Structure formats: structure tokens, C-alpha cells
Amino acid sequence: MAPSTASPFSRPEVDAVVVGSGPNGLSAAVTLARAGLSVEVLESEDTIGGGARTLDLGLAPGIVHDICSAVHPLALASPFFAAFDVRARGVEAISPEASYAQPLDDEPAAIAWHDVERTADGLGADGRLWKATLGTLARQQDLVVELALGDKRSIPPALLTPATALAAPLFGGMIGLQGTPAWDLPLRTERARALLTGVAAHAIGRLPSLALSATATLLGTIAHGVGWPIPVGGSQAIIDVLAQDLRAHGGTIRTGHRVRTWRDVPAARAVLLDTPAGAAADILGGRLPRSLERALRAFPHGDAAAKVDFVLSGPVPWRDGEVGRAGTQHLGGTRAQMAAAEAQVAAGRLPDRPMTLVSDPSVADPSRRHDGLRPLWAYAHVPAGDPTDPTELVTRQIERFAPGFRDLIVTSRGVSAADMPRHNPSLVGGDISMGRVTMYGMVARPTARFDPYRLADTGWYLCSSATPPGPGVHGMSGWHAAQRVLRHEFGLRQMPDLSPHD
Ligand SMILES: Cc1cc2nc3c(=O)[nH]c(=O)nc-3n(C[C@H](O)[C@H](O)[C@H](O)COP(=O)(O)OP(=O)(O)OC[C@H]3O[C@@H](n4cnc5c(N)ncnc54)[C@H](O)[C@@H]3O)c2cc1C
């Protein structure tokens with residue numbers, strides 16, 4: 001057995017160290033601090049929050065940008081955040097009247113309104129099926145979320161209640177129906193097919209696939225449940241309440257501290273890594289059992305996002321005006337066009353018309369506008385490590401559905417996939433999911449072990465989105481990992497109360 005690297009070398013200075021202040025690092029840190037442990041968070045960047053930071057990029061006075069995540073269906077729906085209760089802590093999150101929109105070249109856009117009836121009315125022959133599937137699941141949102149955001153090792157408590165157990169087969173069936181080459185059969189219209197495919201493309205990968213279908217089913221369900229909320233002021237609002245709670249319970253955060261080896265970490269009884277799997281192997285450098293180290297290094301990265309932050313002098317002039325009422329736009333055209341673009345990315349080629357996601361946060365939160373200017377958040381799917389500045393590609397893709405868009409651009413900042421790790425070392429090659437999104441990889445991330453969080457008997461744990469349930473701002477990986485730390489390293493079986501009143 002490899003030697004323990006956490007505490008035995010010197011007397012622990014702190015009970016637990018968390019490396020990385022992303023949503024998962026902070027959810028783990030908060031859970032541990034609330035259990036009464038002393039906790040220190042080490043963050044490589046000068047600002048905290050990882051993939052949920054809102055920054056002034058200096059593009060225009062008063063305009064701030066969500067440099068990674070912007071729209072938060074998972075943060076409002078996740079069991080961790082439900083227990084932590086961000087709303088009661090003052091985070092105002094507004095769900096736009098339409099969750100997402102799919103503009104099309106030759107016909108009116110398909111829109112997923114928060115209201116499922118209204119959505120179904122716009123989908124013609126597929127309206128009834130949409131309502132019977134996603135509408136039904138939305139009424140059982142808690143079960144769907146528990147299934148999707150669990151540790152993939154235990155039975156979600158909601159599944160044990162007979163009333164909600166009926167939704168599980170529907171959830172599974174929906175994933176199966178939309179995740180195989182027969183995906184066109186149940187849906188008759190291009191509008192419904194494209195609408196669902198656009199939401200699947202929140203993960204990056206070949207279409208159809210079971211993993212992307214699971215993404216579509218989860219996010220499509222929440223779209224008609226709590227909706228797709230946008231936090232007032234930006235994603236940072238979620239991070240700030242986590243950090244506030246951590247500090248209130250004695251925790252500390254050190255920024256500008258990049259951990260490259262285990263020697264950069266103060267002696268602690270437990271260390272949790274909010275990093276990719278390969279980085280965990282690098283940091284522990286030969287101190288893990290060989291088979292585990294090999295497995296961590298072998299967990300494959302996925303393709304990438306390349307980001308553009310725009311400052312606009314007015315709203316995006318969508319050809320179909322209803323598109324602008326949604327908080328998120330999926331730009332890729334028809335189902336076949338999106339699948340072709342994703343196949344090009346998977347083959348390592350940069351598409352002319354890449355799958356592009358867009359959000360104008362000021363649709364929900366007018367406070368994001370300043371002096372007639374507004375931010376626009378956009379990213380395109382590109383091959384891993386692609387060095388191309390995506391600004392022109394993304395601009396053309398928006399122009400395709402919003403002629404005249406180019407004239408509204410005051411300024412912008414493009415970040416290629418290759419450059420994404422410059423502001424977050426966890427975005428390896430621009431991979432926003434800390435590992436390829438496949439069905440096997442969602443369960444066995446980063447390894448097929450029974451406990452995917454615990455790095456053998458070292459006292460070190462992985463708590464990032466490289467562990468189940470995977471990508472997204474939900475804090476669940478950190479929460480699952482912290483529960484194991486409390487049990488194995490501190491012998492605590494009772495999990496702490498996370499509510500704001502404690
Ligand atoms: C462009 C983009 C758009 C996205 N849009 C959305 C969205 O709208 N909604 C949504 O839910 N999700 C979205 N995501 C995904 C989401 O941001 C991530 O899934 C989520 O942030 C993962 O959280 P995490 O804590 O696991 O990792 P991260 O948020 O990546 O945090 C990891 C942290 O660890 C730090 N770190 C890494 N290595 C070290 C080290 N060696 N030493 C010290 N510190 C280290 C990093 O600097 C970072 O702060 C998006 C991601 C990107 C990139």
C-alpha cells in the first residue's frame with residue numbers, strides 16, 4: 001500500500017485542505033467547515049469561483065462578464081444547493097419566461113418556454129409528446145435531479161417513494177429514445193428534434209449519444225420545472241455566498257497559490273482536490289497505488305469550448321423576435337446540422353458553423369446593463385486544444401440568425417480552447433467537463449471504483465467534476481466527496497446541517 005501523504009509527514013496544521021475554489025471545492029469546504037473542521041482552501045487564481053466567476057474584463061465600464069458558467073438550472077435544483085439555500089442567503093435568481101430557444105434558418109424558432117403548455121402549443125404534431133415526456137418529468141423534477149446528480153453508487157432516497165418511482169422508467173426511456181440512431185422516430189417535426197438536440201449540446205460530443213441524451217433530458221426537465229435561472233449580478237453571486245458561509249464557520253481561502261505537488265499543501269488530515277483526474281495524479285506524483293495512478297491518467301479529456309465575451313450597444317436583433325425572450329440560445333440550426341458540426345469536432349476539425357451557445361443575462365437581470373451597453377456571453381464547440389480565436393466564427397453564427405448583430409458589437413474578447421487553462425488550469429485543452437462525456441464516463445469518472453472520490457488510503461480525495469455526477473454548477477461532487485471524508489477520516493456519520501440558519 002502506498003504511504004499516506006496527508007497527515008503522517010508532520011503534525012497536521014489544519015483538519016482539511018481543499019485545492020481549488022470552484023463550486024465543488026467550495027461545496028466540499030463548506031460541508032467540512034460546518035461539521036466543525038478547520039478548513040483551508042488553496043486557489044491558483046487571484047479570484048475565487050473557478051467556472052462560476054463573474055469578472056470585470058476591462059472591456060467597458062460597469063459591464064461584468066461570466067467567464068464560464070452563466071445560466072444555472074443545476075444550481076437551483078441540486079440537492080446540495082437546496083440544502084444550502086442560496087435564495088435565502090440573498091442570491092436572487094431569475095428564470096426568464098423562456099428557458100432556451102432554437103432559431104432555425106427556414107422556419108420560426110422553436111422555443112422551450114418555462115410553461116410546458118405554451119411550449120407544446122408551439123411544437124405542432126410533437127406538442128403532446130413533449131408534454132407527456134418532459135412535462136411529466138418536470139412535475140417529478142426532484143426525482144430526476146436526484147437520479148442524475150447522485151453519486152451513481154447509491155439509490156436516491158426519492159426513488160424509494162412509490163409515487164415518484166413511476167418517473168424513473170420515463171427518464172430512462174427518454175434517454176434511450178433520444179440517445180440512439182433511432183432518435184428521429186418518436187418526434188415528427190424538425191422543430192422539436194432541433195429543440196431537444198440544442199439542449200443536448202450543453203455537453204460536447206458526438207450526436208446522438210446516451211450521455212448527451214441524458215443531459216438533454218435532465219436540463220429539458222428542469223427547463224419546465226424551476227426553469228433556467230440567471231443569478232442577479234452574475235454567477236459570482238453563488239460563489240460569494242459559499243465563501244461567506246465558509247468564512248463564517250472558520251474556514252480560510254488563500255488565492256494565487258497553485259498546487260503543483262503534494263509539498264505545496266500544508267499538512268492536513270484530509271486533502272480534497274477540485275482538479276482534473278490527471279492533475280491529481282501529477283500532484284500526488286508516484287504516491288498513489290500504481291493501478292489508480294494509471295486509471296487517473298487514462299481518464300480521457302473531451303473536446304472543448306472556445307469563449308467570446310461581447311459588449312453590445314443593444315439587444316441581439318434575432319430574426320425571430322421571440323428568440324430574445326429566452327435566457328439561452330442554442331445556435332446550430334437543424335438536428336442534422338448540429339450532429340454534423342459535433343462530428344467534425346470529434347474528428348478534430350473546426351466546423352465553419354460550430355454549435356454555439358449564447359446568453360444575454362440582461363434579459364433576466366437588467367442591472368447588468370450600463371450606459372446603454374450590455375454583456376453577451378457565448379461559446380462554441382471546437383476540437384480539444386484548438387488555437388483559433390473564436391470571435392469571428394461565433395459572430396458569423398449569431399449573424400446567421402440575427403442579421404445586423406455585427407453592427408452592435410462595441411468590443412469583445414475571444415479565448416481559444418488552447419488558452420482556456422490560462423484562467424483556470426482545470427480547463428485542460430478547453431475541456432469544460434473535466435473529462436469526456438460518455439455514459440460509461442459519467443458513472444466511472446474518473447475510474448470504475450466503488451468510491452470514485454477516495455484516492456486509496458492516502459487521505460486525499462478528488463472532489464471536482466471529474467467525479468460523479470460530472471459537469472455543471474451543482475456542488476454535488478464536492479458534497480459527495482466531503483461526506484466520505486467526514487466518514488472515513490473523521491469517523492463522523494451525521495452529516496452537517498447546511499441551512500442558512502445554522
Ligand atoms: C465556457 C463555459 C461555460 C459554462 N457554462 C455553464 C453554465 O452555463 N451552467 C453550468 O451549470 N455549468 C457551466 N459550465 C460548467 C461549469 O463551469 C463547471 O462544470 C463547474 O464550474 C465545475 O466546477 P468544479 O468546482 O468541479 O471546477 P472548476 O469550477 O473548474 O473549479 C476548479 C478550481 O480549482 C482551481 N485549481 C485547479 N487546479 C489547481 C491547482 N493545481 N492549484 C490550485 N487551484 C487549482 C481552478 O483555478 C478553479 O478555481 C461552463 C463551463 C465553461 C468553461
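This is a predicted model: local features need pLDDT of at least 70, side-chain atom pairs count only at pLDDT 80 or more; totals for chains, interfaces and linings use all residues.
Local features required pLDDT of at least 70, side-chain atom pairs counted only at pLDDT 80 or more, and totals for chains, interfaces and linings use all residues. Residues are numbered from 1 along each chain as its sequence is written, and side-chain values use heavy atoms, without hydrogens and water.

The shell around the ligand holds 37 residues (a residue is near if one of its heavy atoms lies within 4 Å). N24, E43, G51, V259 and G472 come nearest. By class, 16 residues are nonpolar, 16 polar and five charged (nonpolar: Ala, Val, Leu, Ile, Met, Phe, Trp, Tyr, Cys and Pro; charged: Asp, Glu, Lys and Arg; polar: the others, Gly among them). Domain 1 (14-52 + 234-299 + 434-490) and domain 2 (73-230 + 303-422) each give at least three residues; the bounds come from an automatic or database domain assignment. Helix α1 (23-34) and strand β14 (374-382) each supply at least two (DSSP runs: helices H or I, at least four residues; strands E, at least two; numbered from the N terminus). The largest share, three residues, comes from α1.

Polar side-chain atoms of D274 and N424 each lie 2.9 Å from an oxygen atom of the ligand. V473 places a backbone N or O atom 2.9 Å from a ligand oxygen atom. The protein buries 94% of the 1,000 Å² that the ligand exposes when taken alone (Shrake-Rupley method, 1.4 Å probe).

Five strands form an open parallel sheet, ordered β9-β2-β1-β10-β16 (strands pair if DSSP finds at least two bridges between them). Its edge strands are β9 (252-254) and β16 (460-462). Three bridges join β2 (39-42) to β9. L42 has R254 in β9 as its bridge partner.

Notes
A polar contact is a pair of N or O atoms within 3.5 Å; within protein, one must be able to donate a hydrogen and the other to accept it, and residues adjacent in sequence count only if both atoms are side-chain atoms.
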